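Dear colleague,

Please find the structure below for your records. A summary of the findings follows it.

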Amino acid sequence: MELETWFKTKKYPHIGLPITIKDYNWVKDYVENSEKVRTHSFLPLIHKSIIKRRFRADQSTSIINPSGKRKRVLSKPKVRDIFFAAHLDSLILSKYNEILTIAYENYLGNINFNESIVAYRKIPISKDSNKNKCNIDFAKTVFEFIQRSDSKKLSVIVADITSFFDNLNHKTLKKQWAKVLNEASLPKDHYNIFKALTNIKYIEGNQLFESYGNTMIVKKGIPNSSKKTEFVRKEIKKSKFFKEKGASHYCDKKEFLKSNLNLIISKNNLIGIPQGSPISATLANIYMLDFDQDIFDEVSSINGFYQRYSDDLIIVCEQDYENQIIKLIRDKIETVVELKIEPSKTKVFRFEEVKGKFTGFEINEKTKKPNFNKTLEYLGFSFDGQKALIKTSGFSKFYRSMKSSFKKSTSLAIYSKNSDKSLFKSKLFKRFTHRGAKRKLIYRPSKANKSVYEKTNEYYWGNYLSYIDKANNSMKSINGDNSIKRQSRKCWKKFNDLMKFHESRIKYQRTLIQTRKVK
């Protein structure tokens, strides 16, 4: 049975049981019934803050480390507020996201800025290809435009819209939503979804967890039965252990309505939609239609280049138009879509011939003073006019993830019930080395015959090294060599150094255990 593309089940804990493949038929009938959607009562969202650590060069000192760079210190963390919809609500939003995506693509079909809007869209690599572009391709398009114009003096303006999703004006959103559907006003089923997304009601996940005495409902097997299972409420120390302990849901709907309505927080304002819902990204693109048209028209008139990736926009133009374009984007963002671009989040770069070499460098917007140590950074890449490379922060994140996984795996090995305290290496090799970099179709045992494996619609997408290989191959036409591949040459050594260190820790633990037994 081929499932609808919008039917994507999730296992995160919420109010009520997660939806499974067994629920497909009734869910499909419900979600595709516009009258049911019109009268559907959406449950409150569950809010979580995702905190991302950020390391920056220490500007307070001139001391550098052995690599010739300033010591990196932990700066103010970046906090993202994510809202999770209940499982049926999420599938309704997913279905209507599909409807809106089709309408948006049809709308853009005859619009001249179609190729300038790149985030949250499926854009084929070529006309007849079944593969879609990703951030590598979008960054490459920008760098190629700059490289083709190496006979000119260029300015590149990179701007970041402040708190994008949190500040979308509801009236503008409603108008643009109806425009894309080619309707005078929103149909009643769409309007019910609009209300759910703008009259935001949510619960703090930790508060709901605590209201049940730090317990969750988990699925467990029944003794002496290989197939039967039951749901029981079980104590879990912290929310970070939900997945490990198999947490299914906080409570059922009736239980929530009876006991925890007081936890609901209403965010009744005239701006903002929740980030994280299946439909939010498409709505954000729809919201920006008029802005995109105005900016594209102005930039095209001066033979420039415009691209927007969600809340990040980049414009390439000749240096004579630099101030004009900076003023344009700030004026249009405030007057057309009532958003803001903070000056501190606007970076200006120049590309021109310096000492006989086409070079990119950052300039101070006010003083126009150049900083030759900083080059253009966009969508995870840096570009200096000659080479396109992966940002060093990408590798730093990969190494931190590697160290964290080794630490966790070692802890599990030491405290496991296995007498030899083995470090399970296969997952580590798969996640962090070339052995797991190959992308491939996933096969699963057949339901009819467990010894027979059948194709699925799922793919194992590889690991970070897969991404490096793809980026290297794509950017080779710009770099002329394997510059990006060479950036990863230390990965294997770092992996093996961590393997030796953590295996020695486990060996020491084994020795301690044997010593205790002898005593």
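**Sheets and the helices on them**

Strand E3 (residues 154-161) and strand E11 (residues 341-354) are antiparallel partners, joined by seven bridges. Helices (H or I, at least four residues) and strands (E, at least two) are DSSP runs, numbered from the N terminus, and two strands pair if DSSP finds at least two bridges between them. Within this pair, isoleucine 157 lies opposite valine 348 in E11.

This is a predicted model, in which local features need pLDDT of at least 70 and side-chain atom pairs count only at pLDDT 80 or more, while totals for chains, interfaces and linings use all residues. Residues are numbered from 1 along each chain as its sequence is written, and side-chain values use heavy atoms, with hydrogens and water left out.

E3 and E11 belong to an open sheet of six strands with antiparallel pairing, in the order E9-E10-E3-E11-E12-E13. Strand E9 (305-309) and strand E13 (370-371) are at its edges; each has a single partner strand, so one side of each has no neighbour in the sheet. Helix H4 (residues 135-148) packs on this sheet, where it touches E3, E9, strand E10 (312-318), E11 and strand E12 (357-363), and its direction makes about 160° with that of E9. Contact here means heavy atoms within 4.5 Å; axes are lines fitted to C-alpha atoms, for helices over the stretch in contact, and angles run from 0 to 180 degrees between N-to-C directions. Helix H12 (residues 322-335) lies across E3, E10, E11 and E12, at about 155° to E11.

A further open sheet has three strands in the order E6-E5-E7, paired antiparallel. Its edges are strand E6 (229-235) and strand E7 (247-249), each with a single partner strand, so one side of each is left without a neighbour in the sheet. From one strand to the next, the twist averages 50°. Strand E5 (residues 215-221) is joined to E6 by seven antiparallel bridges, and valine 218 has valine 232 as its bridge partner in E6.

**Nonpolar cores**

The largest nonpolar core has 67 residues, of which Trp177, Ile193, Met288, Tyr306 and Leu339 touch the most other members. Such a core is a set of buried Ala, Val, Leu, Ile, Met, Phe, Trp, Tyr and Cys residues joined through side-chain atoms within 4.5 Å; buried means under 20% relative accessible area, exposed over 50%, and partly exposed in between (1.4 Å probe, protein chains only). Helix H3 (residues 87-108) supplies the largest share of this core, nine residues. Another core, of 50 residues, lies apart from it and includes Phe138, Phe145, Met402 and Ala471.

Histidine 14 is in the segment before helix H1 (24-31) and is buried, at 0% relative accessibility. Its side chain reaches the backbone oxygen of phenylalanine 84 at 2.8 Å. This is a polar contact: a pair of N or O atoms within 3.5 Å, of which, within protein, one must be able to donate a hydrogen and the other to accept it, and residues adjacent in sequence count only if both atoms are side-chain atoms.

Asparagine 260 sits in the loop between helix H9 (253-259) and strand E8 (265-268). It is buried, with a relative accessible area of 6%, and its side chain makes a polar contact of 3.5 Å with that of serine 211.

Asparagine 364, in the loop between E12 and E13, is partly exposed at 37% relative accessibility. Its side chain reaches the backbone nitrogen of lysine 366 at 2.9 Å.

Yours sincerely
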